[in-house]
Amino acid sequence: MTGNEDGAARAEQLRAGFQQQGVPGLAEDDVRKDRQRRLVHTVVAAVLTLGGLALLVVRLVRGDQPGAWTACYAAGVVLTAVGGVLARRVSTRLAFTVVLLGVVAMSLGDAVSR
């Protein structure tokens, strides 16, 4: 083999190595974005949980009779809290779905009580 062939083979090896590496920092960006998504979903779920709990307490203190609306509010609070835990631990898509179901349950509580 001549020196030119050795250089070409070495260049191919280097090229293959660089292509396997991918874009530098891409993996770190994905991890950072995933962490941010989880944090946002967790905070949104916590705010909705506290809001639903506050509405439940205010309506009970105000003197509304417990009934179907109470069960709907309680189910909504539980679902949004579970959504926050899911966002932190499992899947943000699943967490988003569960939080939405919690909000729908709380909305049904408003519809039932009126």
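Mentor: Start with Arg38, which is buried, with a relative accessible area of 18%.

Trainee: What does buried mean, in numbers?

Mentor: Buried is under 20% relative accessible area, exposed is over 50%, and partly exposed lies in between (1.4 Å probe, protein chains only). At 18%, Arg38 therefore counts as buried. Before going on, note that this is a predicted model: local features need pLDDT of at least 70, side-chain atom pairs count only at pLDDT 80 or more, and totals for chains, interfaces and linings use all residues. Residues are numbered from 1 along each chain as its sequence is written, and side-chain values use heavy atoms, with hydrogens and water left out.

Trainee: How many helices and strands does the protein have?

Mentor: Helices (H or I, at least four residues) and strands (E, at least two) are DSSP runs, numbered from the N terminus. The protein has four helices and zero strands. Along the sequence, the pattern reads α-α-α-α. Of its 114 residues, 22% count as buried.

Trainee: How do I read a salt bridge, and which residue does Arg38 meet in one?

Mentor: Side chains of opposite charge can pair when their charged atoms come close. The cut-off is a side-chain nitrogen of Lys or Arg within 4 Å of a carboxyl oxygen of Asp or Glu. Arg38 meets Asp34, at 3.4 Å from N to O. The two are four residues apart in helix H2, so about one helical turn separates them. Asp34 is partly exposed, at 30%. Asp34, Arg37 and Arg38 are linked in a network of salt bridges.

Trainee: How many salt bridges does a search of the whole structure find?

Mentor: The search finds four. Asp64 takes part in one with Arg59, with the closest N and O atoms 3.0 Å apart. Asp64 also forms one with Arg62, at 2.8 Å. Check the exposure of each residue. Arg59 is buried at 10%. Asp64 is partly exposed at 22%. Arg62 is exposed at 58%.

Trainee: How do I check the span of a helix, H3 for instance?

Mentor: The expected span is 1.5 Å times one less than the number of residues. H3 has 22 residues, and its first and last C-alpha atoms are 31 Å apart, close to the expected 32 Å. Buried residues in H3 include Trp69, Tyr73, Gly76, Val77, Gly83 and Leu86.

Trainee: Where is Arg88, and which residues does it touch?

Mentor: Arg88 sits in H3, which covers residues 68–89. A contact means heavy atoms within 4.5 Å. Leaving out residues up to four places away in sequence, Arg88 touches Arg38 and Thr42. Its C-alpha is 8.0 Å from that of His41, 47 residues apart along the chain. Arg88 is partly exposed, at 48%.

Trainee: Which residues make the nonpolar surface patch?

Mentor: Patches are made of residues with over 30% relative accessible area and no salt bridge; like charges are joined within 9 Å, nonpolar side chains (Val, Leu, Ile, Met, Phe, Trp, Tyr) within 5 Å. Leu39, Val43 and Val47 make one of about 280 Å². Val47 lies in helix H2, residues 26–62, and is exposed at 54%.

Trainee: What does the accessible surface of the protein come to?

Mentor: About 8100 Å², with 65% belonging to carbon and sulfur atoms. Such areas come from the Shrake-Rupley method with a 1.4 Å probe; for residues, only the protein chains shown count as cover.
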